[in-house]
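Subject: Structure handover

Hello,

Here is the structure I promised you. Please open it, then read my notes below.

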Amino acid sequence: MGTWHFFAFVLATITLRKPSEAEEVARFILQSHAEARVFAFTGDLGAGKTTLIKALCTVLGVADQTSSPSFAIVNEYRTGGGDPLYHFDLYRLKVAEELEGIGFDEYLDSGSYCFIEWPELAADRLQPGTLHVSIVAAQNGVRTITMGH
Ligand SMILES: Nc1ncnc2c1ncn2[C@@H]1O[C@H](COP(=O)(O)OP(=O)(O)O)[C@@H](O)[C@H]1O
Ligand SMILES: [Mg+2]
C-alpha cells in the first residue's frame with residue numbers, strides 16, 4: 001500500500017503576462033482568499049511585487065497611492081470603505097529588531113490588510129494565516145504567481 005502525503009497548505013498558480021492584467025489577477029487573489037489579511041510577497045527585485053500590491057490596493061478602492069514616499073518601511077492607505085491598509089517594504093531593513101520599533105506585530109494583528117514586500121526578516125513574526133505570494137519573472141517577462149498558506 002502506498003503512502004499518502006497530505007499538505008497543510010493549498011497552492012495555486014496564476015500566470016500574469018503584462019502589468020495591465022495585474023488588476024484582474026489582484027481581484028482573483030482577493031476573491032479566492034477572502035479571509036486573508038496579511039500577505040507576504042517574495043520575488044527578486046523587479047519581479048513585480050509592487051506592481052501587484054498596487055493593483056490589490058486599486059481593487060480595494062485605494063484612491064491615491066502616489067502621495068507616499070517610496071523609501072518608507074510602511075505606508076498607510078485607505079480602502080474605498082475607509083479602512084486602513086498597510087504596505088510594508090522591508091527591503092532596507094537591516095535587523096529584525098527594527099520591526100519592534102515600528103510596531104510591526106500590532107499592524108499584523110490589527111485585522112487590516114497588510115501587504116509585505118521582502119518579508120524574509122519578518123518570517124518569525126508571520127502567523128500561519130499569512131498568505132504567501134511568490135512571483136517569478138521568466139525571460140519573456142511572463143510572471144508566475146504561486147500562492148499558499
Ligand atoms: N506582470 C508583469 N509583466 C510585465 N512587466 C511587469 C509585470 N509586473 C511588473 N512589471 C514591470 O517590472 C518592473 C518592476 O516591477 P516592480 O513591481 O517594481 O517589482 P518589485 O517590486 O518586485 O521589485 C516595473 O517596470 C513593472 O512595470
Ligand atoms: Mg518593490
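**Ligand 1 and helix α2**

Helix α2 (residues 49-59) gives the largest share of the shell around ligand 1, 3 residues. Helices here are DSSP runs of H or I with at least four residues, strands are runs of E with at least two, and both are numbered from the N terminus.

This is a predicted model: local features need pLDDT of at least 70, side-chain atom pairs count only at pLDDT 80 or more, and totals for chains, interfaces and linings use all residues. Residues are numbered from 1 along each chain as its sequence is written, while chains are lettered from A and ligands numbered from 1 in the order in which they are written.

The shell around ligand 1 has 13 residues, and A47, G48, K49, T50 and T51 come nearest. Near means a C-beta atom, placed from the backbone, within 6 Å of the molecule.

**Inside α2**

Which residues of α2 are buried? They are K49, L52, I53, A55, L56, C57 and V59. Buried means that 20 or more other C-beta atoms, placed from the backbone, lie within 10 Å of the residue's own. Their cover includes α1 (22-32), β2 (38-42) and β3 (74-78). After α2 comes G61, with a positive phi near 90°.

**α1 against α2**

The two helices α1 and α2 pack at about 70°, and their axes are 8 Å apart. Axes are lines fitted to C-alpha atoms over the stretch in contact, and angles run from 0 to 180 degrees between N-to-C directions. α1 and α2 are therefore roughly perpendicular, a word for angles of 65 to 115 degrees.

Best wishes

Note on methods:
Buried ≥ 20, exposed ≤ 12 C-beta atoms within 10 Å, placed from the backbone. Contact = placed C-beta atoms within 7 Å. Parallel < 35°, antiparallel > 145°, perpendicular 65-115°, else oblique.
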